[in-house]
Amino acid sequence: MKRVDDFRLRLGKKELVPIVIGGMGVDISTAELALEAARLGGIGHISDAMVNTVADRRFNAKFVKDKLRKFKFNVANTDKSVVKFDLDQLAQATKMHVGKTIEAKRGDGLIFVNCMEKLTMNAPRETLRVRMQAALDAGIDGITLAAGLHLGSFALIEDHPRFRDAKLGIIVSSLRALQLFLRKTARTNRLPDYVVVEGPLAGGHLGFGMDWAEFDLSVIVAEVQRFLQAENLNIPLIPAGGVFTGSDAVSYLEKGAAAVQVATRFTVARECGLPEDVQQMYFKASEDQIVVNQISPTGYPMRMLSNSPAIGDGIRPNCEAYGYLLDANGCCSYITAYNREVEANPGVKRISVKDKTCLCTQMRNFDLWTCGHNTYRLKDTTRKLDDGSYQLLSAEHIFRDYQFSTDNKLALPE
Ligand SMILES: Cc1cc2nc3c(=O)[nH]c(=O)nc-3n(C[C@H](O)[C@H](O)[C@H](O)COP(=O)(O)O)c2cc1C
């Protein structure tokens, strides 16, 4: 019987353990978590979502404060179009976050950054270019393009000296999205180094509509695989979403996948960025508490725990401090929903906004508990302690369980 360790992921000259820990913003996939994956010979992701906040936390910097000070005059204004990111500061924050992580890397694995196109930041092209260029400048091993079609993203960095040597990959949820990406980036004469195919059971935002339940990861993977073979494209294929055991992973690897990308099991690792009380919520979750809804202003469905404090919360938008979801015109659908409720409830101090959430603030405060479909199974991966709580795991334990387990077994911690 095969186990994950019988396979290797080949990326250029590198041979890796075929386990990728996916990016989890905002700093849920911390540098510590990504570094463990790299130390153990796999691939770990950090995320550049709300990188100013992350850099402030990690390095005691003042990026958020500086931005808020600059735009404080606009806090009560419903029009947020003047609230722009300072591109030099954005580059600096990215370089700190990426550079310090790469500096700390040990072992044979790699560290990638998850870069979401949907963080439009009131200047989509300019901010995305700065984020990717700064990550390359700071020595990132690779960039995973996420949450968006990224039709222009390769072109934004094609002049960077590392454009051809850094590993560049994309997450897609359909063959059509991949075909579109390949067609639109053909001009740069560069193929992606890997393609993550993310199915409907993943955490975070989903690349499907609310009909997500009608899709099946293995069917999409097979479709993409047939296409790559027919086109003679030798691009490593990495399924993601719902791979919970080593055996789940092996079933994809045996069918020709190059690696698997996983995340949910690592949300209860000590190295994960979620506060411990939130991790206990993940452990305790039942299947019916795991919901997919449309409260994210990105327009994508998002999976989360139904008891997330963010749901229904009506805080004032914090775009002067954050503003990562402002579109090219300085709009965000949460602002619209919030203003509608304020108008409909004059004099009410604490309004509730049910249809949208202030994603930046809620993610920053760890009050939106996004998670994968299999979160309700996390309790089976550990021991229940006498006080009723569950024992956190080390990232190494989880990684090695994926790497060496057979028979759908889950190794419990010591
Ligand atoms: C808590 C959490 C946060 C996530 N955040 C992101 C993100 O910021 N960007 C992204 O591309 N994917 C995100 N994902 C998706 C993962 O990177 C990964 O592809 C997927 O969850 C793998 O499926 P699994 O969770 O069933 O193992 C997130 C997943 C989880 C569980």
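1. Two strands count as paired when DSSP finds at least two bridges between them. Strands, like helices, are DSSP runs numbered from the N terminus (strands: E, at least two residues; helices: H or I, at least four). By these criteria, β9, β13 and β12 form, in that order, an open sheet of 3 strands with antiparallel pairing. The edges are held by β9 (204-205) and β12 (290-293), each with a single partner strand, so one side of each has no neighbour in the sheet. β12 and β13 (residues 302-305) run antiparallel and are joined by 4 bridges. Within that pair, Val291 is opposite Met304 of β13.

2. A word on the model. It is predicted: local features need pLDDT of at least 70, side-chain atom pairs count only at pLDDT 80 or more, and totals for chains, interfaces and linings use all residues. Residue numbers start from 1 along each chain as its sequence is written.

3. Parallel strands come next. β5 (110-116) runs parallel to β6, with 5 bridges between them. Val113 has Ile143 of β6 as its bridge partner. Between β5 and β6 the chain passes through helix α5 (residues 124-137), and this β-α-β crossover is right-handed. Right-handed here means that, with the strands pointing away from the viewer, the path from the first strand over the helix to the second runs clockwise.

4. How enclosed is strand β6? Of the 5 residues in β6 (residues 142-146), 4 are buried, so the strand is largely enclosed by the rest of the structure. Buried means 20 or more other C-beta atoms within 10 Å of the residue's own; exposed means 12 or fewer; partly exposed lies in between, with C-beta atoms placed from the backbone. β6 also runs parallel to β7, joined by 4 bridges. There, Leu145 stands opposite Ile170 of β7.

5. β7 (residues 167-172) pairs in turn with β8, parallel, over 4 bridges. Gly169 faces Tyr194 of β8. Val196 is opposite Ile238 of β10.

6. Which faces of β8 are covered? Both are: Tyr194, Val196 and Glu198 are buried on one side, Val195 and Val197 on the other. That makes 5 of the 5 residues of β8 (residues 194-198) buried, so the strand is largely enclosed by the rest of the structure.

7. Helix α3 (residues 63-71) has buried residues Phe63, Val64 and Lys67. They span an arc of only 95° around the axis, which puts them on the same side of α3. The arc is taken from the directions from the helix axis to the C-beta atoms. Lys65 and Arg69, on the other side of α3, are exposed. Cover for the buried residues of α3 includes α2 (51-59) and α4 (87-103); contact here requires C-beta atoms, placed from the backbone, within 7 Å.

8. Last, the ligand. There are 30 residues around it, and Gly22, Ala146, Gly203, Gly204 and Gly372 come nearest. A residue is near if its C-beta atom, placed from the backbone, lies within 6 Å. The shell divides into 14 nonpolar, 15 polar and 1 charged. Nonpolar covers Ala, Val, Leu, Ile, Met, Phe, Trp, Tyr, Cys and Pro; charged covers Asp, Glu, Lys and Arg; the others, Gly among them, are polar. β5 and β11 (260-262) each supply at least two residues of this shell.

Terms used: Two residues are in contact if their C-beta atoms, placed from the backbone, lie within 7 Å.
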